[in-house]
Amino acid sequence: MSLELFLEQIELKDNTLNDNDFDIFYDMDTKLIHAFENNVDEPREFVYRLVDTEENIAKYHRQEILEYCLATVLPTDSVGLGDIFVHGKYIERVIMNWTVEKKDEIEEILFDLFVRVGMDVPDNYEDIVQYCYEDVCETADPIDWNDADVIIAFRRWVESQGEK
């Protein structure tokens, strides 16, 4: 991992637990943005990616981003990665493989599925969530997984119950 620090002591909208700030790094190898929590024993990490290349975002959304970041925009002002990150519209959070956030999101998707089909939450709900979480982590794309992957995992759980 080749990390380059580009912002320090930034508050993140994704941090809903406390008022801690984060240092923001760009990984030159993966092209992902890593935010590491400051001043804690076990820092949390949030991971983001650009929705397009830095060059395209800077080219096509220059005025919008600079107006957000600066009081006065001059013709010589340019957009950098820090400006894009602070603006926030052209980045998206990445839920990395095998995380608590991913498991929570899978649990929400399963709960919504049960509600949509009119099913009560079963007594073994935690077991189902764990099965689906492990299945999604093992089989789905670690970055671009979605609701369909969770539904497939649930189908696999149902099929595995028939084998018992």
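Colleague: Which strand does Q9 lie in?
Modeller: Q9 lies in strand β1, residues 3–10. Strands here are DSSP runs of E with at least two residues, helices are runs of H or I with at least four, and both are numbered from the N terminus. Keep in mind that this is a predicted model, where local features need pLDDT of at least 70, side-chain atom pairs count only at pLDDT 80 or more, and totals for chains, interfaces and linings use all residues. Residues are numbered from 1 along each chain as its sequence is written, and side-chain values use heavy atoms, with hydrogens and water left out.

Colleague: Okay, is Q9 buried or exposed?
Modeller: Q9 counts as exposed, at 59% relative accessibility. Buried means under 20% relative accessible area, exposed means over 50%, and partly exposed is in between, with a 1.4 Å probe and protein chains only.

Colleague: What's the phi of Q9?
Modeller: Positive, about 50 degrees, although Q9 is not a glycine. Most residues other than glycine have a negative phi.

Colleague: And what about the phi of N39?
Modeller: N39 isn't a glycine either, and its phi is positive, near 60 degrees. N39 sits in the loop between β3 and β4 (45–50), and it is exposed, with a relative accessible area of 77%.

Colleague: Switching to rings: how many aromatic pairs are there?
Modeller: The count comes to seven. Rings of Phe, Tyr and Trp (its six-membered ring) pair if their centres lie within 6.5 Å; planes under 30 degrees apart are stacked, over 60 edge-to-face, and the rest tilted. F25 and F36 make an edge-to-face pair, 5.6 Å centre to centre with 65 degrees between the planes.

Colleague: Which parts does that pair tie together?
Modeller: F25 is in strand β2 (residues 22–27) and F36 in strand β3 (residues 32–37), so the pair ties together parts eleven residues apart in sequence. F36 counts as partly exposed, at 24% relative accessibility.

Colleague: Which residues do ring pairs link into a cluster?
Modeller: F114, Y125, F154 and W157.

Colleague: Now the helices: at what angle do α4 and α5 cross?
Modeller: Roughly 120 degrees, and the axes of α4 (residues 100–116) and α5 (residues 125–139) come within 9 Å. Axes are lines fitted to C-alpha atoms, for helices over the stretch in contact, and angles run from 0 to 180 degrees between N-to-C directions. That makes α4 oblique to α5; under 35 degrees is roughly parallel, over 145 roughly antiparallel, 65 to 115 roughly perpendicular, and the rest oblique.

Colleague: Which residues make the contact?
Modeller: Among them are I106, L110 and F114 of α4, and Y125, V129 and Y133 of α5. Contact means heavy atoms within 4.5 Å.
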